[in-house]
Protein chains: 2
Amino acid sequence: MRVNAYAAPSAGQPLAPTTIERREVGANDVLIAVDYAGICHSDIHTVNGDWGPQPFPVVPGHEIVGTVTEVGSDVARHAVGDRVGVGCMVKSCGTCDNCRNGDEQYCRDGMVGTYAATDRDGTTTQGGYSTHVVVDADYVLSVPESLDAAAAAPLLCAGITTYSPLKHWQAGPGKRVAVVGLGGLGHMAVKIAHAMGAEVTVLSQSLKKQEDGLRLGADHYFATSDPDTFEALASSFDLIINTVSAKIDVSAYLGLLAVNGAMVNVGAPAEPLSLNVFSLLSNRRTFAGSMIGGIAETQEMLDFCAEHGIVSEVEVIAADQVNEAYERVLASDVRYRFVIDTSTLG
Amino acid sequence: MRVNAYAAPSAGQPLAPTTIERREVGANDVLIAVDYAGICHSDIHTVNGDWGPQPFPVVPGHEIVGTVTEVGSDVARHAVGDRVGVGCMVKSCGTCDNCRNGDEQYCRDGMVGTYAATDRDGTTTQGGYSTHVVVDADYVLSVPESLDAAAAAPLLCAGITTYSPLKHWQAGPGKRVAVVGLGGLGHMAVKIAHAMGAEVTVLSQSLKKQEDGLRLGADHYFATSDPDTFEALASSFDLIINTVSAKIDVSAYLGLLAVNGAMVNVGAPAEPLSLNVFSLLSNRRTFAGSMIGGIAETQEMLDFCAEHGIVSEVEVIAADQVNEAYERVLASDVRYRFVIDTSTLG
């Protein structure tokens, strides 16, 4: 099956319209007509080659919302006409301890990414900047109809990436949660942490987006460019979700954690970070990382978002605006996520 | 009250006999005749000035076991003749949230260290390398009579420093625990983790102490100088207790953690460590620190050790052997802790 898509032909080149082949619908597969695909910062890293060589041409997109148009003979959990979603992974071994525990993202065999990854059949996966995808039913999520389809797309990556550590480190009533950076991930972290009942503080470079932050659910907003911030907030948070991938002064942020507090990175700078271990010894602090979430947990997150009316703040664009959108993401000029209307792929 | 002691006269100078003044026994104080005082690596760091300027002369010693010889009028929990212990702290504010939660070591006002610290009355604390100490009863532990007094002394620092993170990160049956470094702290970690029911692996530079490690309770023993070790043990531990303060390749050790695994430093190198954050993202790993333990927890540890017959492996020395012992500690030539017999102080 030949379908329209937008692909990067090689590293650093602008994306352009193309067609790609989708596999036939297998017994456990779902054919999805893509309605919307979010633009994640990692799409840009990948096509720019920041994370090493890629199997070009690459069709990015792992924040996919669409409609089921065909299901394989063994598929019970999804039916034609259902609104579904696909996130960052489309397969894992399913048998290792991590997969069995619902941590497919940490599959011992390696999860298969939604694009630019080698699938179990040896082919290269291609993502959501296309009219259709064929995905193993076990990796297809149900997207509640109450959520706006376009605004729900970023939940599949930005949503689960922040929900998972907030849940794991027990954000909730009585917990003081800080979110570092108010971008695509950060704005989701604020909404979700607030809905979980935590007291939410945004730590942003400046106060430029303060009004937004408070509207989205933050209780407090501080500028990290102000050194007083680090003194005023010393030893005060139970959890810090760091959505900033750039190199930051980790030890300074760790100093903001109370006893047993954790700072969790959901992204990583390409270069190693330097860290003063004394800042961990004091207050029994932890510095941790978290990568998306498991499949069951992603469904749980979607249901949680439906229950609390949470979606992403999005700017919907046509496919031919993708390259311009990439420029604006790199310039932090988006509030807060671009989503491609894939009907414009023709 | 003038008592005999061994003190470092200035940074880097050998310790020498001296006399120091102990305060009068206040209403909530306990006067302890010191029987044994362990030698901790941090004693050496302190008197060498590695951790900044100190209020010399300094009498080190925060692994103290002794006998109560006098109690203040308000003291109910200790009586003359009791065998007691004093660890790394002799006071904290007692009113902040951390103190109230039993985390006095993380007192928001700062705990008062057993030596070289400024006490609440403005005087400088002096440690256990002396015939007597006067300590606030709330910071005096009961040392079970079933434990050998000399061998129990290191429990007050090395014991609680390893017990606390093992307990906090739930070492126990079904948990795979690695201990990095088999020294004063490491050998206690092995004994305690084994007694908690965990599967214990020692990660040591070489296999020199393998026989000891297995005798002390380790199930496995690997040399970290062998690069195959890091491949063979990838993603296999739930908890790593790092007792090595020297700079190590943290990212390599983090790679040994399974999903949700934690590596906990109980010491810290003076210089910052470099860390690849991707090693945290993968497997949702955490890098943490832990500093001694609270007072109630220290008592719990002592009772646990009595129940399981755990003490330190010690070499008892006379006070005039202290400087030689320091040299041997720095050369890692001790199995596994020196303890001063304070009756030799005259």
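The model is predicted: local features need pLDDT of at least 70, side-chain atom pairs count only at pLDDT 80 or more, and totals for chains, interfaces and linings use all residues. Residues are numbered from 1 along each chain as its sequence is written, chains are lettered from A and ligands numbered from 1 in the order in which they are written, and side-chain values use heavy atoms, with hydrogens and water left out.

Contact means heavy atoms within 4.5 Å.

## Helix packing in chain B

Helix H4 (residues 158-168) and helix H5 (residues 184-196) of chain B pack at an angle of about 45°, their axes 8 Å apart. That makes H4(B) oblique to H5(B). Angles under 35 degrees count as roughly parallel, over 145 as roughly antiparallel, 65 to 115 as roughly perpendicular and the rest as oblique. Axes are lines fitted to C-alpha atoms, for helices over the stretch in contact, and angles run from 0 to 180 degrees between N-to-C directions. Helices (H or I, at least four residues) and strands (E, at least two) are DSSP runs, numbered from the N terminus.

Residues of H4(B), among them Tyr163(B) and Leu166(B), meet residues of H5(B), including Met188(B) and Ile192(B). By class, this contact of H4(B) with H5(B) has nine nonpolar, four polar and one charged residues. Ala, Val, Leu, Ile, Met, Phe, Trp, Tyr, Cys and Pro count as nonpolar, Asp, Glu, Lys and Arg as charged, and the others, Gly among them, as polar.

## Domains of chain A

Chain A is divided into domain 1 (2-157 + 312-345) and domain 2 (159-289). The bounds come from an automatic or database domain assignment. The C-alpha centres of the two domains of chain A lie 28 Å apart. Nine residues of domain 1 of chain A are in contact with 15 residues of domain 2 of chain A.

## Backbone details

Phe56(A) and Pro57(A) are joined by a cis peptide bond, with omega about -5°. Pro57(A) sits in the loop between helix H1 (41-48) and strand E4 (64-71) of chain A.

Ile292(A) has phi near 35°, a positive value in a residue other than glycine.
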